[in-house]
Amino acid sequence: MENKNLRFLYLIVLALVWGSSFILIKRGLTGLTPFQLGSLRMVFAALFLLLIGFNSLKHIQLRHWKYLALTACFGTFVPVYLFSYAQTEISSTISAILNSLTPLNTLLIGILIFKIDFQRRQIYGVVFGLLGSALLILNGAATHPEQNYNYTVLLLIASVCYALNVNFIKTYLSDLNPLSITTGNFVVMLIPATLVLIFSGFFEAVQVPETQNVIVYIAILGVVGTALANILFYQLIKISSPVFASSVTYLIPVVAFFWGLLDQEGLTWVQLLGAAIIMFGVYLSAKK
């Protein structure tokens, strides 16, 4: 299959997987703290990747490891905790929508740091995205006083982390295959994530039935939603561009929205308008 067609297939698969991740996080938080959930997710992903990708580590040269450490930090380690904490107060649907700001941040960071070319239309897209986000957040805070929308700041920081990640990978790690990148990332994160898991009190909490019941959700989130999805995502970056790859966040909110409906979450018409404005802004920024 040609790269042009293959990249759209990857995009759809990633949207289905990552769009379903938000409801898994929500389920996991019923029995785990954000630190326990994030750490366990990374440990599951790391162990799985070592099983399938240990031999791929031989392709990693010494010069690659500093960039693997950076992409591990910005692409997974920090955002995992930010999203887990944010969803203690914000619905899974809102989390997915604000995650769609990633392509806009990818463009801005590409322009400011990596000196990529841009068009005026793309800057308009950034403005639309910011306006849509403001509308979504302000209306949500007014209509859902039981939710603390200050936590949306964590989601915005996470989207900036993701944007840094895709630019680093495209610029500095494009000569590595996706399995090597992903396995290298999680080798870097395995020890820190395990230490956080230990000191978070997980091994005391795991004796409680509520905690045991949600571990299967985190196992799926770690293996499918993190390990396998990252391999696919890095392959997508390799055969396309950072902005195109991050435009998977167009589709993620659609999948998350339907999961939210099944879980009795809802959006006001103003929030739906804000989400539509964000998507239009992302479209302007990513369109060639």
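Does Arg-63 count as buried, partly exposed or exposed? At 46% relative accessibility, Arg-63 is partly exposed, where buried means under 20% relative accessible area, exposed means over 50% and partly exposed lies in between, with a 1.4 Å probe and protein chains only.

Some housekeeping. This is a predicted model, in which local features need pLDDT of at least 70 and side-chain atom pairs count only at pLDDT 80 or more, while totals for chains, interfaces and linings use all residues. Residues are numbered from 1 along each chain as its sequence is written, and side-chain values use heavy atoms, with hydrogens and water left out.

Now the overall picture. The protein has 13 helices and zero strands; helices are DSSP runs of H or I with at least four residues, strands are E runs of at least two, and both are numbered from the N terminus. The radius of gyration is 18 Å, close to the 19 Å from the globule rule for 288 residues, so the protein is as compact as a globular protein of that length. That radius is taken over C-alpha atoms, and the rule is 2.2 Å times the number of residues to the power 0.38. The C-alpha trace spans about 45 × 45 × 35 Å along its principal axes. Of the 288 residues, 55% are buried. Among contacts with a separation of 6 or more, 90% are between residues 24 or more positions apart, a contact being heavy atoms within 4.5 Å.

Back to Arg-63. Its side chain meets that of Asp-175 in a salt bridge at 2.8 Å, N to O. Arg-63 sits in helix H3 (residues 62-86) and Asp-175 in the loop between helix H7 (152-172) and helix H8 (178-199), so the pair ties together parts 112 residues apart in sequence. Asp-175 is also partly exposed, at 45% relative accessibility.

How many salt bridges does the structure hold? There are three, counting a side-chain nitrogen of Lys or Arg within 4 Å of a carboxyl oxygen of Asp or Glu. Asp-263 pairs with Lys-26 at 2.6 Å, N to O. This pair links distant parts of the chain, with Asp-263 in the loop between H12 and H13 and Lys-26 in helix H1 (residues 3-28), 237 residues apart. Asp-263 also pairs with Arg-27, at 2.8 Å, N to O. Shared partners join Lys-26, Arg-27 and Asp-263 into one network.

Next, helix H12. Residues 252-262 form this helix, and its buried members are Ile-252, Pro-253, Val-255, Ala-256 and Gly-260. Seen down the axis of H12, they fall within an arc of 160°, so they line one face of the helix; the arc is that of the directions from the helix axis to the C-beta atoms. The face turned away from that side carries the exposed residues Phe-258 and Leu-262. Just after H12, Gln-264 takes a positive phi of about 65°.

Last, the surface. Ile-123, Tyr-124, Val-127, Phe-128, Leu-131, Phe-280 and Tyr-283 make a nonpolar surface patch of about 640 Å². Patch residues have over 30% relative accessible area and no salt bridge; like charges are joined within 9 Å, and nonpolar side chains (Val, Leu, Ile, Met, Phe, Trp, Tyr) within 5 Å. Areas are from the Shrake-Rupley method with a 1.4 Å probe, and for residues only the protein chains shown count as cover. Helix H6 gives the most to this patch, with five residues.
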